Amino acid sequence: MSKPLVIVESPTKVKTISKILGPNYIVKSSVGHIRDLPRNTKSIPSKFDSKKILWGAVKPEKFENIYVIPEDRKKIVSELKEIADTAPEVYLATDDDREGEAIAYHLKEALEIKGEPKRIKFNEITESAVTKAMSNPDTIDVGKFKSYEARRTLDRMIGYEISPKVRDLGGAFISTGRVQGPAIRLIVEREEERIKFVKSLYFEIKTSCESNEVNFDANLKKVGEKRIATSADFNDKGEKTNKDKKYLDKNDAEKIVEILTNSIAKISNIKQSSRSGKPPKPFKTTSLQTSARSNLGFQPKKTMGIAQRLYQEGLITYMRTDSIRLSDNAIKASRDYISENFSTKHLPSQPNLYGDTKNAQAAHEAIRPSGDKFITPEELLATHKEDSDEYKLYKLIFNTTVASQMTDAQGVTKTIEIEVTDPQYSSLTLSISGTTWTFGGYRDLIKDATEKSQELPDLKENDEVSIVSAEKEEKFTNPPNRYSSTSLINKLEELGIGRPSTYVSIIESITSVFINAESSLKPRILAMAFINNFMKPHFNQYIDYEFSKSMEDDLDKILESRDPEKSKIEFLENSFNTINNHVEHYGVQDPLLLTTVNLPFESRYVVKTGRIQGKIPYPYLLRDDDFKVGLPPEISLEEIENEYIKELESHQEESLKKERVVSKCNLCSASIFIKLGPNGGFYIQHGEKQKGVRQAKCEFKNLIGPIFEGEDPDTLTKEQCIERFSLSAKNPKKVVEVGDWTYSSAVGPYGGYAMKQKNRTVFDNEELQALSKDELRELLDDEKNKAISNYLGGEILKIPKSATKNKIIEMINNHYLLDEKYIKKLSKEHLVGLAKSLDIVFYRGRFRMKPEDATKDNLVNKILIEKKNKPLENPRDALTIEKEAIMSLFGDSVEV
C-alpha cells in the first residue's frame, strides 16, 4: 500500500523530519524551486509568441506569468510526480514565508496533484511542532503566493525596462532593482555627507589623581559654570552650536593643564542615582545579524547561513522573521530554565512580553531555541564543537532568549566632582563616574561586551585630592560613519524597505560593481554617477524612500486582499504605466555626461566611471585637455584630493614618454606597442582596435604581454615582445604534458604563476582502483555523492551483484561524467550546489569568494576544468621555467 508523501524544500530537512514521522510516511525534497520564470526569450515555450511576451516571462493579458520547469529540475519533478500520483495524501511542508508558499504552489501545479494538497507549516522542526502541523493541515495561501508573484513580476519589469538604460553608464553588469536603488542611494548620500563635513577642533583634558593612597583618572568637565564643549556641540559645517558651553582653544587648554598639574583639589560634590538595566529583546532577523556582527564578528550572510543550518537541524525556530514575539511555550521554557539555574529574584512575577511592529508577520515569532524545553549550550557540546560557528550562534540565541525573560539589573551610578579654584577661570571641575551593579538580573547570564567602567574610589565630600599630572588631547569632530552591512540593513528596515528574507541578497547584489564592501560600505565612483547622473534626474521615484516603502506596503496588501489576483493585476498595471512613462521621458542621453563625476573642489579634472572588468569598474581622472590618469578601483570620491592628483599627474606625464611602437608584426601588418596601463604599469600590446577597421588574422591578435618590474621599456626588442605574448592568460606558455595534466606558465595582474589543468572528474580513477567492490558500493551511498548524482540528473545507479570491479568503476565514471553540454544547461543555483558538492574553491583576484558570487561562465568553467595555480617567486621565471621545476611546484614527481 502506498504511503502519504511529505515534500520539503531542503534536502537537509528530509532526515530530521523522516525521523519524526517514522516509516509510515515518505519524505522527499524539492531541492528548492521546481518552476521559475523563463531565463530568457529562448526559454519561452514554443506555444507562445515570444514577440508578444512582456519581459521574457509575462503574458500581456492580466499580467499572467509563464512558468517553466528548468532542464535540471525535470528529473526531480518526474520522481516526485511518480510518488505523488499513487500517494493517498500529499503534504507540502515548505517554509512558512512567501518563497515557501511559492514553492508549494508550483509543486501543486507541476505535479498535477489530484485534489487540494495539504499545506502544513511549522516554525521549528521538532516532534511536537511537526506532528501538530500534520494534525492541522491548511491549504495553500493564494494571497501570499500572489504577493510573491507580484514581486517577481515587478522585479522583471524593472529589470527589462530600466536596467537597459542603466547600461548607458558603461557595462552589461550594471543593473538596478526596486530595493537595490534605495540601498545604493543611502550609501552615496552618506558619502556626500562625509565630503561636505567640516572638521572642528576641540580639546579634552585628562588628569591622573591620588587621594587616600588610591590612584584614579578624572576628566575636566566644567570651566566656571560652563560645561566643556564636546564633538556634539558643533554642526556638520564646523559651526559652534551651544552658547552655554565653554569652547576651549589651544591657549586655554595649555593654561588649564599648567594650572591642574601638581595642584591640590577637593571633592566638591558626590551624586548618587539608582540605575536599572533592561533585558534584551528576543531576536528578529535584523537584530540577530547586528548582534552576531558585534559579538561574534559574523557578517549578515554568514549569520544567516549558520542560522539556516541550526533551523534545519531542529535547534532554532525559523530565522527569517520580523517578529520579536515569543510563544507561550518559549516563555515557559525560558522561565523554567531561569527557575532551575538562578535565584527567585531573577524570575519576574509575570512574563516579559514584547510587541511587534505593524508590518510584522503574525504567524511568525522571534528567533529562539526550538522545542518546549530548550537544549542548553552545554548539552549542544555533545554534537557541536565549542569553537564551531553553530555553537557560538546558538549560544547567543539561547542566552538572549532566556535573558529576555529575566528581571532588570539594578545598580547605583555615582558621579564624583573634584574642584580646583583658580583666579582666571574661577573654578575648574573634574569629574569621574561609574556604575556599581547591586543585583545582576539578566546580566548574570548575558552582559554588554561593549560596556566599560572604571572602579570608583571610596571618597567623601571635602576629601583632598592631589592632581599628579594633566594632559590635553587635541581632537577633531568626525564625519558620520559609512554604513556597515548590518547598519545598512537596520536603516532599510527602519525605512520599511525590503523584508527579512531579502536583506542579505540586497547587500550581495550591490557589492562589487557599485560598492566596495571589504569593511564598511564605500561607494565606488560608478555608484555616485548612478545615483546623481542617472536615477535622480530620470528615475528618482524608484530611489525615493517613501515610494519604496509604499510599494512594499502595496505588495503586502495583495496578501491580505479578498481578491488577490485582482489586486495583483491592478498593482502591476499601475506600476507598468508609471515605469513606461519614465522610460519614455528618458529619451537618449549622452553617455559622456552620465559617466562623469565632478570633484568636490575646483579642478581641471573630472572623474570618469571607467571600464568595467570582472564586475569591477576602473575609474580614471580626465583633464580638460583629455589627459588621463588611472585611479585604483577601490577609491572613493572623498579620498581624491588636490595633492593626490598632483602626485599622480607628475608620475603619469613621465611614464607616457616611454610609450612607443616597437615594430611591425612578422605575421601580419599590425604594430607592436609599448603601452602605459591604467594603473601606471607598462605592457606590450599587439595591434590596436579601430572603429570600422577589421584586424588581420594573427595568432597574436589582441594579445598583451608583461613588462617586468625594473625593466626599462625603452630597451625591449621586437623578439622579446613577441616572446612575451606567450605569457598572456589567454595564451599561456605550455611547459609540459604529463598524463591528463597540462603544465603552463603565465603572468597575470598579480605576478607570474604556474598552472596545471585537466578535465575534471568526480572521482580519481586511481583512488577507485584502490577500493574493494563493497567500498565502491558504499561510496555511492555517501550523501555528498548522492547530491552530485542528483545535480547531474542521473538515475539512481544500480550495480548488478555480478558486476566485476572494473565494470563497477566503468559504471561509476559513466554515471558521474561531467558532460559539457549538460553542465551548461544547469541553472546558476544548481551550478553553485554542484560546485559546493565538488569542493571547488573560487577566487576573485587573490581573495577567496563564495560560489554564489561567481558568474555562471566561471562556475561552468571551474566545474569542467580542474585547475591549480602556484605563484612564481619571480614573474620572469614564467619565461624560463622547465618541466622539473614546474612539476615540483605542485609536489609532483617528474617520473609521473
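Which elements of the chain have the lowest and the highest mean pLDDT?

**View 1. Confidence along the predicted model.** The structure shown is a predicted model. Strand β29 (residues 847-849) has the lowest mean pLDDT among the elements of the chain, at 67, whereas helix α13 (residues 389-403) has the highest, at 96. The average over the chain is 88, and 96% of the residues score at least 70.

**View 2. The buried side of helix α24.** In helix α24 (residues 783-791), the buried residues are N785, I788, S789 and Y791. These residues lie on the same side of α24 because the arc they cover around the axis is only 165°. An α-helix has 3.6 residues a turn, so residues three or four places apart point the same way. The cover over the buried residues of α24 includes helices α23 (773-781), α25 (805-815), α26 (820-825) and α27 (828-837). Just after α24, G793 adopts a positive phi of about 75°.

**View 3. The largest nonpolar core.** This core comprises 92 residues. I162, L488, F530, F534, V607 and I640 are the residues with the most contacts inside it. Helix α16 (residues 525-538) contributes the largest share of the core, namely nine residues. In soluble globular proteins, nonpolar side chains tend to be buried together.

**View 4. Surroundings of V607.** Residues up to four places away in sequence being left out, V607 touches I525, T595, T596, V597, L599, P619, Y620, L621, L631, L637 and I640.

Note on methods. Residues numbered from 1 in each chain as written. Predicted model: local features only at pLDDT ≥ 70, side-chain atom pairs only at ≥ 80, totals over all residues. Heavy atoms only, no water. pLDDT = per-residue confidence, 0-100. Helix = DSSP H or I, 4+ residues; strand = E, 2+ residues; numbered from the N terminus. Buried < 20%, exposed > 50% of the residue type's maximum accessible area, 1.4 Å probe, protein only. Arc of directions from axis to C-beta. Contact = heavy atoms within 4.5 Å. Core = buried A, V, L, I, M, F, W, Y, C linked by side-chain atoms within 4.5 Å.
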